[in-house]
Amino acid sequence: MGPLGTFLFVLPSLGVHLPPSQPLQHQKCTRLRSRAPSQQQPPQQLSQQQQQQQQGRGLCIGVVGGSGFVGQHLLEALQAIKEGRREEGAGLRVGEVRAYVRSEEAAEKVRRFGAEACAMDEPLDGVDVVIHLAANVALTDEQGWSAFESPAVNLTRHLLEAAEKAGVQRFIYASSTLVFLDARSRWLAKRYRNISEGSPYPRRPLNFYAKSKQMAERMVLGASDSNMTRIVLRPPIVWGPNDTSLLRVWNMTVSSGRHTWAGQGRYLKSTCYVSNVVEGLLKACVNGRSGQAYHVTDGNPVEWREFFTAVMSAIGWDLDALPSSLYKDGKAPNLPRWRSALRLLRRGTQMEVIRHVLEGPFTVDDSVSRKELGYEGRVHVHEGVRRLREWALAGKAT
Ligand SMILES: NC(=O)c1ccc[n+]([C@@H]2O[C@H](COP(=O)([O-])OP(=O)(O)OC[C@H]3O[C@@H](n4cnc5c(N)ncnc54)[C@H](OP(=O)(O)O)[C@@H]3O)[C@@H](O)[C@H]2O)c1
């Protein structure tokens, strides 16, 4: 299939990112309340979890943001563990999965993976582990700060309070290594290599998204007097089947002829295939220290040009055949295009500028999560590309 054909079948799904239209038809989260908050054991989080697992009950996992790209992969994995079709190295046992959603549309999505749909303001009583994935992942600030503040700041605050009140044992927040990107990178030509968890936040984050993730992280990691184990998981670029954010942006960039290779794409980037993010989240349900952020990646960084070409090829684009590439291997730069790229840096749209900042070396050290969470990053990039191709060819994108 040629690029256009592929684009046409991929786009409808990638483009779907509707605001919640219908309110959730309230199906009360009816369940056996296995323990009231007041009857809980003292705060020995890990051993309590282990006891529950040994008793065979399995943990009750509350997922927020389960209707999204990562969320649906997570719910699928949780269901597989619950049904005994998948084992997690950390010995995680799942008894119940509740997905907290904000619309009927989202409720339908999570029910497909066997999760019980609960309204967002439903109490968290009986939940052992909260996994908070909800976010506005737009890279530009066009929607205004409140669109980012709502899921990252207000919702996180609400969930932390509700979780403390309900005696939740673990709170896992999905953040992003984008928190380290400095808005001034565009001018400073900053290079990001081997970023560790302890790296400082920049004073001016790249965009509202990065700012909102930073604020949420501070809330989650901040409360040292809490009995709840609080963990932040930071993946870099997340990619894989069903992605509705980055794949969509990349698709639009290529299809509109605006794709360029900054620095010929010859620099290293860390990535994280979606199943590897899920592995990190599952490992964090039982392992990991409170107050700690953990980086997860696909392992060795990849050369951007090679990775991006492979990912785009998996969904039907032959980048080397595109006339819009700024550079072609072995050829001199095309000067008029070079000039237009420089113009773009001076007066480009916000998306173009952000793309430029994202195009550059960005590698992340994930050794702490490998040591403390038992994270392995089991899906290699080659296998991820194969799965992405399979997904695209199967037309599952429609
Ligand atoms: N994708 C990446 O490349 C990437 C990279 C690093 C980190 N992450 C992080 O991973 C997490 C999941 O990302 P994703 O790619 O799966 O995002 P996504 O596909 O856009 O899903 C976002 C989820 O958040 C929910 N949500 C958004 N705003 C909300 C609000 N105000 N109140 C309640 N729920 C809200 C959405 O619910 P609806 O279905 O109702 O809209 C959806 O379930 C995010 O925290 C993101 O920051 C992603």
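In the predicted model, helix α3 contributes F69, V70, H73, L74 and A77 to a contact with helix α9, where the partner residues are V274, S275, V277, V278, L281 and L282. Classified by residue type, this contact comprises nine nonpolar and two polar residues, with no charged residue. The axes of α3 and α9 (residues 274-284) come within 9 Å and cross at roughly 60°; the two helices are therefore oblique to each other. The crossing of α3 and α9 is right-handed.

An open sheet is formed by seven strands, which follow the order β3-β2-β1-β4-β5-β7-β11 with parallel pairing. The edge positions are held by β3 (116-119) and β11 (292-295), each with a single partner strand, so one side of each lacks a neighbour in the sheet. From one strand to the next, the twist averages 25°. Strand β1 (residues 59-64) is joined to strand β4 (residues 129-132) in the parallel sense over four bridges, and I131 in β4 is the bridge partner of V63.

Helix α5 packs on this sheet and touches β1, β4 and β5 (170-174), its direction making about 175° with that of β4.

The ligand is surrounded by 28 residues, of which S67, G68, A135, S176 and V238 are the closest. At least two residues of this shell are supplied by each of α3 (69-82), α5 (145-166) and β8 (237-239). By class, the shell contains 16 nonpolar, 10 polar and two charged residues.

Definitions and conventions: Residues are numbered from 1 along each chain as its sequence is written. This is a predicted model: local features need pLDDT of at least 70, side-chain atom pairs count only at pLDDT 80 or more; totals for chains, interfaces and linings use all residues. A residue is near a molecule or strand if its C-beta atom, placed from the backbone, lies within 6 Å of it. Ala, Val, Leu, Ile, Met, Phe, Trp, Tyr, Cys and Pro count as nonpolar, Asp, Glu, Lys and Arg as charged, and the others, Gly among them, as polar. Axes are lines fitted to C-alpha atoms, for helices over the stretch in contact, and angles run from 0 to 180 degrees between N-to-C directions. Angles under 35 degrees count as roughly parallel, over 145 as roughly antiparallel, 65 to 115 as roughly perpendicular and the rest as oblique. A crossing is left-handed if the near helix is turned anticlockwise from the far one by less than a right angle, and right-handed if clockwise. Two residues are in contact if their C-beta atoms, placed from the backbone, lie within 7 Å. Two strands pair if DSSP finds at least two bridges between them.
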